[in-house]
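Open the model in your viewer and keep the selection tool at hand. We will walk through it stop by stop.

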Amino acid sequence: MSSTIVELGDNDGDNEVEAIRPMRAFEVRVGAARLLTPHFLRITFTGPELDLFGSNADGLTLDLRIKLLIPSPGHALPQLRSVRGSLSDDWYQQWRSLDESTRGVMRTYTVRALRPGELDVDFVLHLGGDSGPAAEWAAAARPGDPMTLIGPCARWGDCLGIEFAPGDPQRVLLVGDETAVPAIAAILESLPPHVRGHAVLEVPTAEDFLDMSTAAKVDIRWHARNGNAHGEALERDVRTVVVPAACLRGKEPDDVDVDATILWETPGTVPTAGLYAWIAGEAATVRELRRYLVSEVGMNRNAVAFMGYWRQGRALPE
């Protein structure tokens, strides 16, 4: 392991009072790694800095996104400082300017659970020709391995990175592939008993079905892909649980080229009581579900959140 340490940004450690920013870099270590299923690996990160990790006003993480800085083999992680929460800020551009072979790679993940001094992230393992650097790192991770994660600072107040904002819904529709399973699990745990609805999940095999808990009256529907086309089971089942009303058709949503841009649309206003949909996963599948719910079902776009977490055959920008 190289001993070279690169510091990026202002050194707040020289200041008597640390500047409070919405996002910060957390230096943590692997506390434990546990294989949940053939394709899900849970890594628990630990460290005193996590006492400053933010959540929403109720202490929940829901679908909170964070950045993980995956180290390059044989090289130490660069030390990030003055993280402000925007990828246009100096710290990010300085990191991008480093040698690609040594700076590591940055990947986005969802927080599965947060406890005092501990944070869980569930990694999807697709090893063997279809793996990425994050999955390879996770598969080889051992207790004590260092990690830098970028997430919200509890001192700031508002928690950046949470998209799930249903207002006070009577019904929910939660849909996602394996990359969205951790977020859906956390969301289900947060729902009150009066909420009804469906959670539709697609994973590689039946061995990847996970136990999920919720106080809500939500029907959790698992589908094993078993080598079939990605998203096929999701699209088929969503058409079963949400059926268009007679003579009702909504406005056709703007088409999105998922090969050229990131599909990401969340409500700009808090939705009223009724059905709220949260859809995440592979971008082409999300695009088709978006079209179905908005155009054919006629759902109000302010009651639907669509997020393309990844694109099959392409790497999203860091």
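Here is a tour that goes from the whole chain to single residues.

**Stop 1: the whole protein.** Keep in mind that this is a predicted model. Show it as a cartoon and look for 5 helices and 14 strands. The protein has 318 residues, and 48% of them count as buried.

**Stop 2: the largest nonpolar core.** Select Phe 164, Leu 174, Ile 184, Leu 188, Leu 191 and Trp 278. Of the 28 residues in the largest nonpolar core, these six touch the most other members. Next, colour the elements that give two or more residues to this core: β9 (171-176), α3 (181-190), β10 (196-203), β11 (217-224), β13 (275-282) and β14 (304-310). Which element gives the most? That is α3, with 6 residues. Colour residues 23-152 as domain 1 and 171-310 as domain 2: both give residues to this core, so it lies between them. In soluble globular proteins, nonpolar side chains tend to be buried together.

**Stop 3: Leu 174.** Zoom in on Leu 174 and show what surrounds it. Beyond the residues up to four places away in sequence, Leu 174 touches Phe 164, Ile 184, Ile 187, Leu 188, His 198, Ala 199, Val 200 and Trp 278.

**Stop 4: a second core.** Select Phe 45, Tyr 109, Ala 134 and Met 147. They are among the 26 residues of a second, separate core.

**Stop 5: the cavities.** A search of the whole structure finds 2 cavities of 30 Å³ or more. The largest cavity holds about 50 Å³ of space. To find it, select its lining residues, including Val 175, Asp 177, His 230, Ile 279, Glu 282 and Leu 289. The elements giving two or more residues to this lining are β9, β13 and α5 (283-297), and β13 gives the most, with 4 residues.

**Stop 6: Asp 120.** Finish in strand β7 (residues 118-124), where you will find Asp 120. Is Asp 120 buried or exposed? Its relative accessible area is 5%, so Asp 120 is buried. Show its contacts, leaving aside neighbours within four places in sequence: they are Arg 42, Ile 43, Thr 44, Thr 110, Val 111, Arg 112, Ala 113 and Arg 115.

Conventions. Residues are numbered from 1 along each chain as its sequence is written. This is a predicted model: local features need pLDDT of at least 70, side-chain atom pairs count only at pLDDT 80 or more; totals for chains, interfaces and linings use all residues. Side-chain values use heavy atoms; hydrogens and water are left out. Buried means under 20% relative accessible area, exposed over 50%, partly exposed in between (1.4 Å probe, protein chains only). A nonpolar core is a set of buried Ala, Val, Leu, Ile, Met, Phe, Trp, Tyr and Cys residues joined through side-chain atoms within 4.5 Å. Domain bounds come from an automatic or database domain assignment. Contact means heavy atoms within 4.5 Å. On a 1 Å grid over the protein atoms alone, a cavity is a set of points where a 1.4 Å probe fits but cannot get out, and a pocket is an open set with protein on both sides within 12 Å along at least five of seven lines; lining residues have an atom within 4 Å of a point. Grid points are joined across faces, edges and corners, and a volume is the space filled by probe spheres set on the points.
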